[in-house]
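Biologist: Before we discuss this protein, could you put the structure up, so that I can follow the residues as we talk?

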Amino acid sequence: MVGAWFDIFGTTPTDTFDAIPLPREQKKLIMGDGYHLGSGVGGFGHPGLPPRLDVLQRAWFDHWLRGIDNGIDRFTPMIVKQQGGGWTDAPEFPRTEAVYRRMYLDDIPSGTSPGSHYDGGLSADPRQAAVRDLAVTPALSSLCGRDAARITAGATAILDLCTNDSRVWENDGLSFTSGPVPAPTTVSGPIAVHLNVVEDAADGYWVATVNDVAPDGVSHEIATGQLVASMRQIDEDASKRSPNGDYTEPHYFLDLGRRQRTVPGVPVTLDIALTPIEAVLQPGHRLRIDVYASNFPKALPPMIFLADSGLKPEHLRLDPGAPSWVNIPLTAAIPAGS
């Protein structure tokens, strides 16, 4: 199998790989850091990269169809390109050394995102002292973002105008940023963002991204997800949780009969599933959660939802009694934003 973290179908290869009913030596997965066009396999066959795909395919069929002992069955089951790092073996995904941890969103300015609609903090411990509502409005700055490159199969990434830097999109978003990591810190696995929100209408639409923020301020998106507020009911049988009890992969009932419209002014909680990733934060880099109210062209809710939302402003409620957080698998704790 060959895929990429920002392929249109990038949410499924790791789960599909695990679901194939074969021993691990009889199946292999290569995950690049790219898009559907090429799946991040450009440059294969050069030093430091996997062999060319045609070479791997020939060796694979030589072994399994012709019985040639060429060692292809002894390759690591998964070979991945870490976002923010290089190519590496991944004996398991998520990596066993990655521990799911909550990181809480708060209103303590990080000082790292002056261009965002709001610049807040991100911490392993709750720091929110009082209830505060942060408004966010549907906008079109998402056209200049990595999600636009994803839904166009990588076509907009060819120009590379703003694919690798979310700061234009963040002008219309709420940003929550940690402190810098002192050592390389790996993120490995699916991610879920838990938000406490208040709508001004009978429905709403929320988008969350995880970003790797470099010391020079460049904000590189590494995971993304979205949810219509009224379709928030979760199918527990299909969903997964981490040992801390939080969702890692919430799955929703895509059934209008289970739709739960929101009541204006009444808070509701949303658990938003983000794409699974393998990434590494280099020393001095920060983790950022961005929250938006729209994500065109990657996603546009059907008219039945848009009509109920009225495209009105939405509110992220930061409440010490009902906090918002990201449940993220990390190999080390991350310092709080200042």
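**Cavity, salt bridges and surface**

Modeller: The largest cavity has a volume of about 40 Å³, and please bear in mind that this is a predicted model.

Biologist: How many cavities of 30 Å³ or more does a search of the whole structure find?

Modeller: Rolling a probe the size of a water molecule over the atoms shows where empty space is left. When the whole structure is searched for cavities of 30 Å³ or more, the number found is one.

Biologist: Which class, nonpolar, polar or charged, has five residues in the lining of the largest cavity?

Modeller: The lining of the largest cavity is made by V136, T137, A139, S141, S142, W169, D172, Y292, A293 and S294. Sorted by class, one of these lining residues is charged and four are polar, while the class with five residues is nonpolar.

Biologist: What does D54 count as, given its 42% relative accessibility?

Modeller: D54 forms a salt bridge with R52, and their closest N and O atoms are 2.9 Å apart. R52, at 44% relative accessibility, counts as partly exposed. Since a residue is called buried under 20% and exposed over 50%, D54 at 42% lies in between and so counts as partly exposed.

Biologist: Which residues are linked with D203 and R259 in a network of salt bridges?

Modeller: The structure holds 19 salt bridges, including one between the side chains of D69 and R74, at 3.4 Å from N to O. D69 and R74 are both exposed. In the network of salt bridges, D203 and R259 are linked with R261 and D308.

Biologist: What is the relative accessible area of L140, a residue of the nonpolar surface patch?

Modeller: L140, L143, F296 and L300 make a nonpolar surface patch of about 400 Å². Within the chain, L140 is found in the loop between strand 7 and helix 3 (146-151). L140 is exposed because the cut-off is over 50% and its relative accessible area is 54%.

Technical notes
Residues are numbered from 1 along each chain as its sequence is written. This is a predicted model: local features need pLDDT of at least 70, side-chain atom pairs count only at pLDDT 80 or more; totals for chains, interfaces and linings use all residues. Side-chain values use heavy atoms; hydrogens and water are left out. On a 1 Å grid over the protein atoms alone, a cavity is a set of points where a 1.4 Å probe fits but cannot get out, and a pocket is an open set with protein on both sides within 12 Å along at least five of seven lines; lining residues have an atom within 4 Å of a point. Grid points are joined across faces, edges and corners, and a volume is the space filled by probe spheres set on the points. Ala, Val, Leu, Ile, Met, Phe, Trp, Tyr, Cys and Pro count as nonpolar, Asp, Glu, Lys and Arg as charged, and the others, Gly among them, as polar. A salt bridge is a side-chain nitrogen of Lys or Arg within 4 Å of a carboxyl oxygen of Asp or Glu. Buried means under 20% relative accessible area, exposed over 50%, partly exposed in between (1.4 Å probe, protein chains only). Patches are made of residues with over 30% relative accessible area and no salt bridge: like charges are joined within 9 Å, nonpolar side chains (Val, Leu, Ile, Met, Phe, Trp, Tyr) within 5 Å. Accessible areas come from the Shrake-Rupley method with a 1.4 Å probe; for residues, only the protein chains shown count as cover. Helices (H or I, at least four residues) and strands (E, at least two) are DSSP runs, numbered from the N terminus.
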